[in-house]
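Biologist: Could you walk me through this structure? I would like to hear what stands behind each word you use.

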Amino acid sequence: MSKRGLDGPADGEPAAKRADNHDANEAAAHGAAAASASAAAAAPKVPRIPQEPIDRSVPGPSLNCESFTYAAGGDVAAEKHFLCPISGQPLFDPVQCANGHYCCRSCLQMAARKCPLCRVSVAVPVDVGVGVKGVLAELTVECPDCGVEMRREQLQNHRNYVCQLPCVRACGTTVSRTGAAGHDSVCPLVPVKCDAAEFGCPWSAPRGQQAAHTLACGLRGVLPALRLVTQRVDAQMQQIQSLQQDNAAQAQRIDAQAREIQSLHRNDAAQTQRIDTQAQQTRLLLGADAAQTNRIRTLEAQMSERKEELAEQTRKRKALADRVEKLENKLAKHTGPLVWHTLGDEYCVDSSVTLGNGWRSDDTPCRFAKDKHGFVHLDGIIRGGKEDSDKVVLTLPLGFWPKRWQYLPADGGMDFGEVHIGPDGGVFVGVKSARRGWLSFAGITFSTE
Ligand SMILES: [Zn+2]
Ligand SMILES: [Zn+2]
Ligand SMILES: [Zn+2]
Ligand SMILES: [Zn+2]
Ligand SMILES: [Zn+2]
C-alpha cells in the first residue's frame with residue numbers, strides 16, 4: 001500500500017508540461033515573491049544527462065528519501081510537513097509513530113525503531129493514512145537523474161522506462177534503463193568479431209570499425225562459398241546423425257531378431273532331442289520286436305522239427321506195428337496152438353506191458369494171446385485194484401488191438417463185471433466189477449479184424 005503511488009502506470013501527460021502549469025499557478029498565487037522562481041521555471045526544463053555511470057538494474061533502482069528532491073516550484077507549504085526528520089529530504093514510504101510523527105520506513109529502521117522526534121519506540125511500524133499518501137503522491141518532485149519534474153507517483157515509472165541515460169560505453173547515445181539491453185546490439189562501441197570469425201579471421205574490435213574491416217577482410221571473397229559449404233556440411237551431419245539413428249534402430253531390430261532366432265534354435269534343439277529320444281525308444285522297441293520275432297521263428301522251427309520228428313516216429317511206429325502184425329499173423333498161421341504172452345515173462349512180446357491203477361496178478365498170472373484167425377484171448381485173475389472205466393489197467397501191445405471198442409463180461413466171483421478194451425489196446429475195468437476184490441480175464445475174446 002505504501003508504494004501505491006510510485007508503482008502506478010505511467011501518466012500520459014508529459015511531466016515537464018505539467019510542471020510548467022504548476023509553476024504558472026504558483027506564480028499567480030504568490031505574486032512578486034515567487035516571480036523569480038516562476039521566471040526560472042518559465043523556460044522549458046531541459047533534461048540534464050547525467051555524466052557518471054548510473055545503476056541500470058531493471059526495474060530501476062530502489063528509491064529512498066535521499067535520492068530525489070521536491071521540485072523547485074512545488075507546494076512548499078505542503079512539502080514542509082512531509083520531510084524526513086532524519087535526512088530533511090522528501091518522505092519516502094512513510095510510517096508513523098504513536099504520536100503521529102512521520103518518518104521513512106528505512107530511516108526508522110536505521111534509527112533503531114525509535115521515533116527521531118519523540119523517541120517513542122515503534123516496534124511495529126504503522127503505515128500513514130490514505131489521505132497522507134494521496135497528498136504525497138501529488139507533490140511535485142525532480143528526477144534525481146535527469147532533473148525533469150513530475151508528480152511523485154510518476155517517478156518510479158519515469159525512472160524505469162522514460163528517463164534517458166547516457167550509454168555506459170559513452171558512444172554519445174542516450175537510452176532508457178529498459179532500452180539499454182537493446183542498445184547493446186547496435187552500440188558502435190560494443191566489441192564484435194569478424195563475420196568470418198568461425199572460418200578463422202581473428203579480427204575483433206568495436207562494432208563501429210566492422211564495416212571497414214569487412215571490406216578489408218581476406219576471407220570476404222570466399223565467405224559465401226564457406227557459408228554454403230558449412231550449410232552443406234551441417235545438412236550432411238544431420239543426415240549422418242539421422243542415418244546413425246536409423247542404424248542404431250536397425251541394430252536393435254537385428255539384435256531382437258537374433259535373440260528370437262536363438263530362442264527358436266533352442267526350441268529346435270529341444271525338439272530334436274525329443275525326436276532323438278523317441279527314435280531311440282523306437283529302435284529299442286524294434287530291436288525287442290526283432291528279438292521276439294527271432295525267438296518266435298526259432299520256436300516255430302523247433303516246433304516244426306518236433307512235428308517232423310513226431311510224424312517220423314509215428315511212421316516208424318506204424319511201420320513197426322504193421323511188421324509186428326504181419327509177423328504175429330505169420331506166427332499164428334505157422335504155430336497151431338496159442339502162444340500165450342504172460343505179463344512180466346521174459347518171452348512176452350512186449351516186456352513193458354504191466355498192470356496199473358493198483359491191480360496186480362493173482363496166482364493165475366495175467367496173459368494174452370492171438371490165434372491164427374486174428375482173435376485175441378485174455379486170461380488170468382487180477383486183484384486189489386480200483387474199478388474205474390477211465391483209468392487203464394493195462395495196455396496191450398500193437399497187433400492185439402481191436403478195431404473198435406469192446407465191452408465184454410468178466411467173472412467177478414458173485415456177478416459178472418465189465419472189461420472195456422479200446423482200439424489203442426487199453427484195457428479198463430468197469431465200475432462195480434470186482435465185488436470180492438478180484439476179476440477174471442478168463443474167456444475174454446475179441447477180434448482184431
Ligand atoms: Zn528519510
Ligand atoms: Zn514521534
Ligand atoms: Zn529522469
Ligand atoms: Zn552506446
Ligand atoms: Zn575478418
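Modeller: Gladly! Let us start with strand 2 (residues 94-96) and strand 3, which pair in the antiparallel sense over three bridges. Before going on, please note that this is a predicted model, where local features need pLDDT of at least 70, side-chain atom pairs count only at pLDDT 80 or more, and totals for chains, interfaces and linings use all residues. Residues are numbered from 1 along each chain as its sequence is written, while chains are lettered from A and ligands numbered from 1 in the order in which they are written.

Biologist: What makes strand 2 and strand 3 a pair?

Modeller: Two strands pair if DSSP finds at least two bridges between them, and here there are three bridges. Strands themselves are DSSP runs of E with at least two residues, helices are runs of H or I with at least four, and both are numbered from the N terminus. Within this pair, Val95 stands opposite Cys103 in strand 3.

Biologist: Why are strand 3 and strand 4 called edge strands?

Modeller: Their open sheet has three strands in the order 3-2-4, with antiparallel pairing. Strand 3 (102-104) and strand 4 (126-127) each pair on one side only.

Biologist: Which strands form the open sheet of four?

Modeller: The order is 11-13-14-21, again antiparallel, and its edge strands are strand 11 (341-342) and strand 21 (445-447). Strand 13 (residues 367-370) pairs with strand 14 over four bridges, and Phe368 has Leu378 as its bridge partner in strand 14. On the other pairing, three bridges join strand 14 to strand 21, where Phe446 is the partner of Val376.

Biologist: Why is Pro397 called partly exposed?

Modeller: Pro397 has 18 C-beta neighbours inside 10 Å, so it counts as partly exposed. Its place is in the loop between strand 16 (394-395) and strand 17 (406-411). Not counting residues up to four places away in sequence, Pro397 touches Val349, Asp350, Val353 and Gly425; contact asks for C-beta atoms, placed from the backbone, within 7 Å.

Biologist: What makes a group of residues a nonpolar core?

Modeller: The members are buried Ala, Val, Leu, Ile, Met, Phe, Trp, Tyr and Cys residues joined through C-beta atoms within 7 Å. The largest has 23 residues, and Leu355, Ile382, Val393, Val419, Val427 and Val429 touch the most other members. Strand 19 gives the most to this core, with three residues. A second, separate core of 15 residues includes Leu91, Cys104, Leu108 and Leu136.

Biologist: How do you know that the buried residues of helix 7 line one face?

Modeller: Those buried residues of helix 7 (residues 155-162) are Leu155, Gln156, His158 and Arg159. Seen down the axis of helix 7, they fall within an arc of 165°, so they line one face of the helix. The arc is that of the directions from the helix axis to the C-beta atoms.

Note on methods
Buried ≥ 20, exposed ≤ 12 C-beta atoms within 10 Å, placed from the backbone. Contact = placed C-beta atoms within 7 Å.
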